[in-house]
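Work through the two exercises below with the sequence and the model in view, and follow each solution step by step.

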Number of protein chains: 2
Amino acid sequence: MIEGPYIAEAAALIGDPSRATMLSALMDGRALTATELAYSSGITPQTASGHLGRLTQARLVEVEKQGRHRYYRLANAHVAHALEALMNLAVHGPPRHRPTGPRDEAMRFARTCYDHLAGRVGVALAQSLLKSGILEERNGAFEITANGEAWLEKLGLDLASLNKGRRAVASRCLDWSERMPHLGGALGAVLLKELEAREWLLRVDGTRAVTLTKSGKAGLRRNFGISLD
Amino acid sequence: MIEGPYIAEAAALIGDPSRATMLSALMDGRALTATELAYSSGITPQTASGHLGRLTQARLVEVEKQGRHRYYRLANAHVAHALEALMNLAVHGPPRHRPTGPRDEAMRFARTCYDHLAGRVGVALAQSLLKSGILEERNGAFEITANGEAWLEKLGLDLASLNKGRRAVASRCLDWSERMPHLGGALGAVLLKELEAREWLLRVDGTRAVTLTKSGKAGLRRNFGISLD
DNA sequence: ACTATATTTCGTTTAATACCGAACTATGAT
DNA sequence: ATCATAGTTCGGTATTAAACGAAATATAGT
């Protein structure tokens, strides 16, 4: 009784195509300016301003003023989570005409999901970590093994700090394009950062797609036994 | 790029107050008829019929014809999950006037969340299971301990069958009213069934609220050290 | 056959809101 | 000071879709 309207409020906000596209763009994890967001969803700045105002008021996004720019980002992981959940619904929807562009293919191959890696590469990475006993799947969740802890230390990653936050360390995040789990949570986030730092992955223009560099391809094969294409 | 519109499609469907209320009613886990759903959201059957048609087409709900009745239920756990995620957004929203009725209070006290127990009672139960070492919280997920397995067997619950499905056994489900975790997953579901079978809990009319019986109050205190009010 | 109930289809009204153009404010650069 | 860029506010238009009444269809019971 009580909750229907509240759900509707949030869902209606996300339910507008322009707003949904803007939120999608923010799934990147980064902050974008109002004009960038307007451009990304193909509307004029005036219209985007109105949308962003409503999204901010509803606490779905947060603003940060910097000079004459306003940087918008998703307000918290809950928002990203809800967007993911909706994405999974869309995929489970009716089999109907869904045109697949080249950009689409790039997204399916590798993309960011809020702050971790998704797509074929993300899923392959998760599978590799499971196979080599770094992660374990228990009761539908991911778990770092003793082996895994040692492996992390060797990588120079600070396990203690991962455990610090209230955030799940290794969460099992269902991939909408692959329908297989990829790795999220704090570990997923630092792993993506690490891959970017090594320049194995490069972010692409204004989308969430990422490309695999040559060294990345080699590195993934050498370190994780992943061969793609 | 590609996904914005898809998210929007699902979200827009959920975003209508009448539809959201109907979906909420189905969070019960049970199947309801078209007229019951119409009544629950305060609209006429014609209007509800239209809504339900769209929800079915989008595979958010499923229909089963039985004579002249049509029973609607949520299509899958993904839908329930998305609704939960949206509910959490709503709670994290702006502090603004939210009238609280008596029915509201009943929901906050104890209710079903898809197929497990939520509300103050649900949260208290989860806390008790954690405290007595039946469950463990690891990396933001729930986990059954060795102690817990023994306890389950004593209760006559079949642990093997819980592990069978692909479903998580003990999932940590954020409670929107308490902002604390309650127990979901396969274990959450059988536990709710058990409590209902013992008549410790009774479902209330057409809502998701459940009431605690006298024996339930006593039982919870005796077996779980939970004292409410 | 006849009646009652459940649900859908159709047509119309009405309310909400996304969108843009124009004008305005704020910040930064020259 | 002047200009350019980023963003917002306001007003009007146009589209969408939610809602109901009326009437049709389907099933069950008598």
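Contact means heavy atoms within 4.5 Å. This is a predicted model, in which local features need pLDDT of at least 70 and side-chain atom pairs count only at pLDDT 80 or more, while totals for chains, interfaces and linings use all residues. Residues are numbered from 1 along each chain as its sequence is written, chains are lettered from A and ligands numbered from 1 in the order in which they are written, and side-chain values use heavy atoms, with hydrogens and water left out.

**Exercise 1.** Describe the surroundings of His116(B).

Solution. Begin with contacts beyond four places in sequence: the partners of His116(B) include Arg111(B), Cys173(B), His182(B) and Leu192(B). Next, take polar contacts (a pair of N or O atoms within 3.5 Å; within protein, one must be able to donate a hydrogen and the other to accept it, and residues adjacent in sequence count only if both atoms are side-chain atoms). The His116(B) side chain makes one with the side chain of Asp115(B) at 3.3 Å, and another with that of His182(B), at 3.3 Å. Finally, His116(B) counts as buried because its relative accessibility is 5%, where buried means under 20% relative accessible area (1.4 Å probe, protein chains only).

**Exercise 2.** Find which side-chain atoms approach DNA strand C.

Solution. Start at the base, where a polar side-chain atom of Gln46(A) lies 2.4 Å from a base nitrogen of DNA strand C. Then turn to the phosphates: a polar side-chain atom of His51(A) is 2.6 Å from a phosphate oxygen, and a side-chain N or O atom of Tyr72(B) is 3.3 Å from a phosphate oxygen.

Technical notes: Buried < 20%, exposed > 50% of the residue type's maximum accessible area, 1.4 Å probe, protein only.
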